[in-house]
2 protein chains.
Amino acid sequence: MSNIYNTHLDKTAANFQALTPLSFLERAAMTYPHHDAIVHGDLRYTYEEFYSRCRRLASALVKKDLKKGDTVAIVAPNIPAMLEAHYGVPMMGAVLNTVNIRLDAAGIAFILDHGEADVLIVDREFSSVVKEALTICDDKPYVIDIDDPAYEGGELIGEIDYESFIAEGDPNFAWEWPSDEWDAISLNYTSGTTGNPKGVVYHHRGAYLLSLGNAVTTSMNQNPVYLWTLPMFHCNGWCFTWTISAVAGTHICLRKVNAENIFKACTEYNVSHMCGAPIVMSMIVNATDQERQELANRVSFFTAAAPPPAAVLAAMDTAGFDVIHLYGLTETYGPATINAWHSEWDDLPDDERAHIKARQGVRYPVLEGLSVRDPKTMAEVPRDGETIGEVMFRGNVVMKGYLKNPDATDEALAGGWFHSGDLGVWHADNYIQLKDRSKDIIISGGENISSIEVEDTLYQHPAVATAAVVARPDDQWGETPCAFIELRDDADAVTEQDLIDFCRDRIARFKCPKHVVFGELPKTSTGKIQKFKLRERVPD
Amino acid sequence: MSNIYNTHLDKTAANFQALTPLSFLERAAMTYPHHDAIVHGDLRYTYEEFYSRCRRLASALVKKDLKKGDTVAIVAPNIPAMLEAHYGVPMMGAVLNTVNIRLDAAGIAFILDHGEADVLIVDREFSSVVKEALTICDDKPYVIDIDDPAYEGGELIGEIDYESFIAEGDPNFAWEWPSDEWDAISLNYTSGTTGNPKGVVYHHRGAYLLSLGNAVTTSMNQNPVYLWTLPMFHCNGWCFTWTISAVAGTHICLRKVNAENIFKACTEYNVSHMCGAPIVMSMIVNATDQERQELANRVSFFTAAAPPPAAVLAAMDTAGFDVIHLYGLTETYGPATINAWHSEWDDLPDDERAHIKARQGVRYPVLEGLSVRDPKTMAEVPRDGETIGEVMFRGNVVMKGYLKNPDATDEALAGGWFHSGDLGVWHADNYIQLKDRSKDIIISGGENISSIEVEDTLYQHPAVATAAVVARPDDQWGETPCAFIELRDDADAVTEQDLIDFCRDRIARFKCPKHVVFGELPKTSTGKIQKFKLRERVPD
């Protein structure tokens, strides 16, 4: 409809530009050229150097005949080349595919073929598995080796090493601003707790917005010091690869994530922020006295994947870390909800605070909608903290879709919402809380059992280190809960019956495990328990 | 060009929504429903109340037959109704026109007619001038009175009072998400140091981005306490009207801005942030012992318009305020550059720090380009801190254009950059610094004289409170500098020759004022000195 406000008030180059997180790096290099952008052991790059290395990479890729919409894959840990790829690759219009470094050769080969990688950058640490993957995949990419002196071992398997490759590039390369903010910036294969990996495509608009969203949501100051314990291959490090440039922070790289290195980095560089899966919190709270160090300043620790239990929160607090609970999926660029804290909760007893902090919370300001719905009717569930529905997202930080998979894309985005596959409830105060993956609901005698509820109960037992509960087929009940348990190293002896009794004292009898299996649990490379593997292991 | 990344990966309602700052309020109301959103004397509205009052307003406007693209004007100080208008009006697709409260009747009438206001909301404090404006303007809008008990005097001149009007609206109104983020959200007439006011049109996309940009650039925490000393009618309060919702802060309203009220509010509410023109800093540093109070926490003070002199910075620091220097224009939604601070500058002597802080700095992360160019050739000036060019902006926080003024729009946005009309230099470290408005350059004997440089020199004189330098026509030299001076109340006697001599000791002789005029300076409603009025007053 025409009105005075849309007449002769059109988009021009002066007032409309594609949103892209690449602009953050240019700004940081202009504003803080001599500030440390990246620290990797003894190696330091200022923002000026970081920016020019990224432009070299972009330029070298153009010289190698790469074009807009081509794919550059990378298999590398959290090191400078990985960060550079996050800028250098999209700076010439190609799409960055960060490959999970814990995959086997077949998994990597699948991704290289499906993503149609034209170039593959690989760190020596992973040369063996990648070499094997290259013998399997149909189309061989051009291979560039990262020959990091900080790592010993492995071999060079490519045509050129990374430093020589970018040396051919122009440090003043006029990089290509995306012509459309809907253009793809990266490709992230879901690590897959179920089924085949799908290639999640991110665009510049979403990456830009989630990057700003991270900074605003987490109240990040200018010039933070960010420690890389979250793998950058995972949702592009929840987009913190780009966020840190927006606030001109310093990336502290960490090739090997363990307690000693975390505490060392925190004290040496005055780390202000870090992200990590529960496994990283485990390292911190279980650090030996020798590994542990006194921190000069408190560290904001963003976690996701599983709600932190009260004991872990208390131990993190004592160790000097403030835990903030986020939640999201690969399809939402990483975190898209936050357990936004209320100051009045500070005074609650530890247990209650942990209970409240366990909730996945509310939408990021850059996510336009968060909802719990009945996936069949698309009706919102009542905000009663009881009725289970599917958690759904809508907005600009939802993926472009799955690569070469229109059916899965249509299904995931049906009805104007992204269907997460996670089941949850909506509390009266508008905070959501996960109850389970759709597949993880156990239906026993027609009653739904939340495996999370059973796991939470098991975690209260002092001997339990890790608990996972899946359905076991049962002739009488349809399904019954079967628990898989990792015990603490220092735990007293505990039997199957002990744990079943422990649960019976605390939750409804029908929810209690009928079987308990002890042993190590299979986990994905990002630390998620692989329940589909456990389902194959339930006792007859 | 078709590639695998733009095939079957289209925009849907699930992954693409128009950017709008209105979404921040919905989120704040969902997340912190019982948190104070607005404090106005004894009146407090929680976010739940604020949100439902805005929806009532939107709903009532729909009932009044307002449609998308219609205009709602408001003449009001920094009070709750003003904030509500920032959400309620665009929530039903209309455009908010905040009118400068210091305009005369003719000025207001011009704006009402030019902006085609359908509805006018007016506070009793301004009933007299608005009543007169309504007798002048061609088309009479529907008038709604704000009958604020906190103000005594004035009269009700409209058809209905604001509370009765919104009482007719639905508090659960399903507000209209903009169909296009390029849709207009507000209309701001430039206060005009030169010529006729122009109607600057903002869109939802820009308002959203500048709102986030404010939060990120200024490192704003969650739940800040924001004191309103900057008029909301000015660039929508630099978009802080919307920023505060993105971080769920508390708006502290202040009908009357003076030293006593500022200190009282700061201590009573633990204010964390505020914005203000230099005049507000003047109030703070010149506060009497009676007005002044000890602050419990430091306040971040964002200023723009004129660089703060060293003495003012030091006095602000002592009073408990950290001054951050921003710069922008109505056409850039308010601030779009920041004097991004480097920690290594902390240790410099006061004078040097003030010198560095005087620079307008670098682009906001949400501005895509900032440049100093020759407006004729559009070539960038060298980054030498010497060569004067025109400051230019490009990006998503540049206005949509001037309402019903295609020529001015085309001219302002020519060549892919917004031409600010401000003259400046580009320093070697990429920071820009203003030297003058185009019209404020004095050309004497063929040499350019920056009036700012002469003013800076005059400000160093202990007796000078305010200085403004303009060109005086001169037969021999073409032009010569003429200084207008406001003396400090407590200043010793000073003569014209004293000040001329003072300048001659410090800057080139041809730059020194040939004439000095003492007396009060004419200022715009936002505190800018009106040089065009001074030019009429230069002595023969």
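Predicted model: local features only at pLDDT ≥ 70, side-chain atom pairs only at ≥ 80, totals over all residues.
View 1. Residues are numbered from 1 along each chain as its sequence is written, and chains are lettered from A and ligands numbered from 1 in the order in which they are written.

**View 2. Here is where the two chains touch: 55 residues from chain B and 55 residues from chain A.** Residues are in contact if their C-beta atoms, placed from the backbone, lie within 7 Å. On the side of chain B that touches chain A, α1(B) gives the largest share, 5 residues. Because 100% of the interface residues of chain B are also interface residues in chain A, the copies meet through the same surface.

**View 3. Now look at an open sheet in chain B, with 8 strands in the order β7-β6-β5-β3-β4-β8-β9-β19 and mixed pairing.** At its edges stand β7 (160-161) and β19 (401-402) of chain B, each with a single partner strand, so one side of each has no neighbour in the sheet. Helices (H or I, at least four residues) and strands (E, at least two) are DSSP runs, numbered from the N terminus; two strands pair if DSSP finds at least two bridges between them.

**View 4. Strands β3 (residues 71-75) and β4 (residues 95-98) of chain B pair in the parallel sense over 4 bridges.** Look for Ile74(B), which stands opposite Thr98(B) in β4(B).
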